[in-house]
Amino acid sequence: MAHQITAQNLICPLDQQPLIQQDNSLRCNSGHSFDIARQGYVNLLPVQKKRSKDPGDSKEMIVARQNFLNAGLYHPISEQLNQLVSPLIAEESAASILDAGCGEGYYLDQLASSLSEGHNLIGLDISKWAVQAAARRNKQITWIVGTNVQLPVAPNSLDMLICMFGFYDLEKFTQWLKPGGYVVLAEAGKEHLIELRELIYPEVRRTPLPDISQALENGYQLVEEKSLQFKPATLNKKQITDLMVMTPHLYRASYAGKQAAEALTELDITADVVFRVLQYN
Ligand SMILES: C[S@@+](CC[C@H](N)C(=O)[O-])C[C@H]1O[C@@H](n2cnc3c(N)ncnc32)[C@H](O)[C@@H]1O
């Protein structure tokens, strides 16, 4: 039996016509057709939007992140996300929520289990490895290979956009949000993974959060800003490697830094995450 795609607001990435499911594919009126993969996701990434043959996070990064997240090491982050989102979602009507750059789906899957059934949840990532892994997690969520730059959803059809540690463009996002819709951002704070960074870089930069003042002048309102700091359980050697592989640190660290990380047998880390909830009117 064909896998049912639950989202009703998907559009064709080629001509922006609504997509309707017919058997094992999604089709638009002009006849463009997109197969539903065996794992239950759809690839809506136009070839011309692909900057490389295998865009986004690699299979290796996805496996490492899935191991790390499944161990519950960032569970407080997903709890915080759920706590921020739940009060903004009306129980009586079906909300459309899209996780832009959903990775291997951990946070959206956890969010789904904290909300009542019947909402329209879409996880989108440019990495097919990420989306394949996500599709294995939860069959009720609609999983899409696509790009945050051109979301394949109807204009003004989303109640909420979530972006966890990913790439976002607040100005572009406005076209897909309903009036009064929300954007929830989670980003690394200045002390995030400070113990690891002090070990692998000669000098640690404490970079401020991206400036959103332009968005605040152009229709967004900052509804809530919340800082979350915690210390996950001590990482073992395998988890230290996973953390290096799942982040840009493996590529950015100096040779000496990588060697220092490899020599560790355990590590205590600080997680420092800043959530910003914005509303667009
Ligand atoms: C740091 S990871 C975060 C993944 C997930 N949100 C999490 O926190 O576990 C960033 C993700 O963005 C994806 N990505 C990069 N460029 C993208 C784009 N233009 N559109 C959609 N996803 C993109 C990557 O493939 C990767 O999965």
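1. Contact here means heavy atoms within 4.5 Å. On that basis, residues 24 or more positions apart account for 69% of the contacts in the protein chain with a separation of 6 or more.

2. The structure is a predicted model, in which local features need pLDDT of at least 70 and side-chain atom pairs count only at pLDDT 80 or more, while totals for chains, interfaces and linings use all residues. Residues are numbered from 1 along each chain as its sequence is written, and side-chain values use heavy atoms, with hydrogens and water left out.

3. Overall dimensions come next. The C-alpha trace of the protein chain spans about 55 × 40 × 35 Å along its principal axes. The radius of gyration is 19 Å, which agrees with the value near 19 Å for a compact globule of 281 residues; the quantity is taken over C-alpha atoms, and the globule rule is 2.2 Å times the number of residues to the power 0.38.

4. The secondary structure comprises 10 helices and 13 strands. These elements are DSSP runs numbered from the N terminus, helices being H or I of at least four residues and strands E of at least two.

5. Of the 281 residues, 51% count as buried. Buried denotes under 20% relative accessible area, exposed over 50%, and partly exposed the range in between, with a 1.4 Å probe and protein chains only. The protein chain exposes about 13800 Å², and carbon and sulfur atoms supply 48% of that area. Accessible areas come from the Shrake-Rupley method with a 1.4 Å probe; for residues, only the protein chains shown count as cover.

6. Regarding charge, the mean positions of the 25 positive and 31 negative charges are 7 Å apart. Lys and Arg count as positive and Asp and Glu as negative, whereas His and the chain ends are not counted. Each charge is placed at NZ of Lys, CZ of Arg, CG of Asp or CD of Glu.

7. Helix α2 (residues 75-85) has as its buried residues Ile77, Ser78, Gln80, Leu81, Asn82, Leu84 and Val85. They pack against α3 (106-114), β8 (158-164), β9 (177-188), β10 (220-230) and β13 (271-280). Beyond its neighbours within four places in sequence, Ser78 is in contact with Tyr106, Tyr107 and Gln110.

8. The whole structure contains five aromatic pairs. Rings of Phe, Tyr and Trp (its six-membered ring) pair if their centres lie within 6.5 Å; planes under 30 degrees apart count as stacked, over 60 as edge-to-face and the rest as tilted. Tyr74 and Phe230 are edge-to-face, because their ring centres are 6.5 Å apart and their planes stand at 85 degrees. Tyr74 lies in the loop between α1 (59-70) and α2 and Phe230 in strand β10, so this pair ties together parts 156 residues apart in sequence. Both Tyr74 and Phe230 are buried. A further pair, Tyr220 and Tyr280, is tilted, at 5.0 Å centre to centre and 55 degrees between the planes. Tyr220 belongs to strand β10 and Tyr280 to strand β13, 60 residues apart. Tyr220 counts as buried at 5% relative accessibility, whereas Tyr280, at 21%, is partly exposed. Phe68, Tyr74 and Phe230 form one aromatic cluster.

9. Tyr41 lies in strand β4 (residues 41-43) and is buried, with a relative accessible area of 9%. Apart from neighbours within four places in sequence, Tyr41 contacts Asp35, Ile36, Val131, Gln132, Ala135, Trp143 and Val145. Tyr41 and Thr147, 106 residues apart in sequence, are 14 Å apart from C-alpha to C-alpha.
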